[in-house]
Amino acid sequence: MDQHSSAPPDPFSDPQSVARYKEGPPRIVPGFADMQRMTTLLLSECVPQKGRVLVVGAGGGLELQTFAQAHPGWTFDGVDPSAEMIRLAEQTLGPLLSRVRLYPGEVDMAPDGPFDAATCLLTMHFVERKKRQRMAVEIRRRLRPGSPFVVVHMSIPDYEDAKARAHWLSRYAAFAVSSGVDPRNANTARTTMESRLNILTPEHDEAILHEAGFSNINLFYAGFTFRGWVAYA
């Protein structure tokens, strides 16, 4: 790579960005803590007391920490392609790490299971559609029949419409600013998201779940540019 390139560093491999990661989601994702709590409740409807949960995009460890604290009998397998983010997850989990196995890589590096549930929070918008479809298939393959899959990511209505897309992304930036993010940083993030993320419409996101073999797909969370679904294997 040209060392003089103006391309920004990958935030998930840059140590300085990773060190600040845990500050980000609560400030940019509306209702972040409640979204995690709702996810935990949806999982607990089906996961037994000694259940096993697959966490895709586990780097940072925030959802793993929430799940593990709420359910002392659950164990977890987490995958993430960033070694830096996995190290951060280990630090975040502390003594809870004894119930977690972390794997560097993507979902195909996860054990075959079967798992009692799976999650993929704030990850899919980094993945282009064909690869996202394969991820959904691999997650579905690892679940017991009837097990829940909870997925949350950026998903914007009428995303193909430039005016509508700009309006929604402006709302994203406004929320970040209202949470204390510097306006310049919020607008830079907005521009980066529009150019680099793989954001789909809610209809396309639900279609991916259907095509992967999930059923009973329900929207449970919506916060400006973010949406979340629970679906069943």
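Colleague: In this predicted model, which residues does Phe226 touch, not counting residues up to four places away in sequence?
Modeller: Phe226 lies in strand β7 (residues 226-232). Not counting residues up to four places away in sequence, Phe226 touches Ile28, Val29, Pro30, Leu122, His125, His153, Met154, Tyr172 and Tyr221.

Colleague: Is Phe226 buried or exposed?
Modeller: The relative accessible area of Phe226 is 3%. Buried means under 20%, so Phe226 is buried.

Colleague: What separates the C-alpha atoms of Phe226 and Ile156?
Modeller: Phe226 and Ile156 are 70 residues apart along the chain. The separation of their C-alpha atoms is 7.5 Å.

Colleague: Which residues of the largest nonpolar core touch the most other members?
Modeller: This core has 43 residues. In soluble globular proteins, nonpolar side chains tend to be buried together. The members that touch the most others are Leu43, Val53, Leu64, Phe76 and Met154.

Colleague: With which residues is Val53 in contact, leaving aside its neighbours within four places in sequence?
Modeller: Val53 is one of the residues that touch the most other members of the largest nonpolar core. Leaving aside its neighbours within four places in sequence, its contacts are Leu43, Val47, Trp74, Thr75, Phe76, Asp77, Phe115 and Ala117.

Colleague: Are α3 and α4 parallel, perpendicular or oblique to each other?
Modeller: The axes of helix α3 (residues 32-44) and helix α4 (residues 62-70) come within 10 Å and cross at roughly 50°. Angles under 35 degrees count as roughly parallel, and 65 to 115 as roughly perpendicular. The two helices, α3 and α4, are therefore oblique.

Colleague: Which residues make the contact of α3 with α4?
Modeller: α3 passes α4 in a right-handed crossing. On the α4 side, the contact is made by Leu62, Glu63, Thr66, Phe67 and Ala70, and on the α3 side by Phe32, Gln36, Thr39, Thr40 and Leu43.

Colleague: How do the residues of that contact divide?
Modeller: The contact of α3 with α4 includes Glu63 of α4. Its residues divide into five nonpolar, four polar and one charged.

Colleague: Is Thr119 buried or exposed?
Modeller: Thr119 lies in strand β4 (residues 117-121). Its contacts include Thr39, Leu43 and Phe67. With a relative accessible area of 0%, Thr119 is buried.

Conventions
Residues are numbered from 1 along each chain as its sequence is written. This is a predicted model: local features need pLDDT of at least 70, side-chain atom pairs count only at pLDDT 80 or more; totals for chains, interfaces and linings use all residues. Side-chain values use heavy atoms; hydrogens and water are left out. A nonpolar core is a set of buried Ala, Val, Leu, Ile, Met, Phe, Trp, Tyr and Cys residues joined through side-chain atoms within 4.5 Å. Buried means under 20% relative accessible area, exposed over 50%, partly exposed in between (1.4 Å probe, protein chains only). Contact means heavy atoms within 4.5 Å. Axes are lines fitted to C-alpha atoms, for helices over the stretch in contact, and angles run from 0 to 180 degrees between N-to-C directions. Helices (H or I, at least four residues) and strands (E, at least two) are DSSP runs, numbered from the N terminus. Angles under 35 degrees count as roughly parallel, over 145 as roughly antiparallel, 65 to 115 as roughly perpendicular and the rest as oblique. A crossing is left-handed if the near helix is turned anticlockwise from the far one by less than a right angle, and right-handed if clockwise. Ala, Val, Leu, Ile, Met, Phe, Trp, Tyr, Cys and Pro count as nonpolar, Asp, Glu, Lys and Arg as charged, and the others, Gly among them, as polar.
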